[in-house]
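Welcome, and thanks for taking a look. Have the viewer open beside this report as you read.

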Amino acid sequence: MKRMKPLISRLILLALAWLALPAPAAGLPPSFAPEPPEPAAAALVEAYLNLLALGEYEQALTLTDLRGMRHYLLERRLEEIRTRDPALTDERLEALSAEIQVGDLHPVRLRQILLHILDEAAYKGMSWRIRGYAEAPGGISGHVVSVVSRLADGTEKPVLLGLVRLGEQWKVAPAVIEQMMEQSPVVRLGRDTPPPPEVSDLMN
């Protein structure tokens, strides 16, 4: 197997973290509260989780800030490129940015990966309860919500979702979780954890 590209590696980690980042340990820490930042944020979370429970993953992604996710991953990738080769010209960086956006970060590719991971997570038929809301730490713009889900097979799975307010709309924001992971990594892919088949195809 070829070495995993940094961007693809980050994307896999992001998707898994977004769906299975451990919620705070027993009892909410002081930064979490039962009240949402706005009623519209609570309505978004309820609609999103209901769609997951129904297995309507395509619809769930319409409530997600995929543009913000792409932008964040693109900026991180370009930063890695600049660090590795500081002599690159602005023209070359612009060309690389375009290549990345139509390649690794093509919207269709990202959606396929996320849909596959949502399907593998088996959220269809789950029940859930919200544990609390908090502002994202470390100066990150956005909020997080701690959720406990119980899958159809009875497995309890804690989830931490990022939230952002875009104009008058709230969206689920994977980029918020990714930024939190950058500051304090709490989710790691185990050495023996095989990625989903579609992700393996991309890696190969």
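Predicted model: local features only at pLDDT ≥ 70, side-chain atom pairs only at ≥ 80, totals over all residues.

Let us start with helix α5, which covers residues 90–102 and has 13 residues. From the first C-alpha to the last, α5 reaches 19 Å, close to the 18 Å expected at 1.5 Å a residue.

Which residues of α5 are buried? They are Leu93, Leu96, Ser97 and Ile100. Viewed down the axis of α5, these buried residues fall within an arc of 105 degrees, so they line one face of the helix. Turned away from the buried side of α5 is a face with the exposed residues Glu91, Glu94 and Val102.

Next come strands β3 (residues 156–166) and β4 (residues 169–172), which run antiparallel and are joined by 4 bridges. Across from leucine 163 you will find valine 172 in β4.

The hairpin has 2 residues between its strands, and here glycine 167 takes a positive phi near 65 degrees.

Finally, have a look at alanine 60 in helix α3, residues 57–61. Its relative accessibility is 0%, so alanine 60 counts as buried.

Which residues is alanine 60 in contact with, leaving aside neighbours within four places in sequence? Those contacts are Tyr48, Leu51 and Leu52. As for leucine 49, its C-alpha lies 8.0 Å from that of alanine 60, with the two residues 11 apart in sequence.

Methods: Residues numbered from 1 in each chain as written. Heavy atoms only, no water. Expected span 1.5 Å × (residues − 1). Buried < 20%, exposed > 50% of the residue type's maximum accessible area, 1.4 Å probe, protein only. Arc of directions from axis to C-beta. Pairing = 2+ DSSP bridges. Contact = heavy atoms within 4.5 Å.
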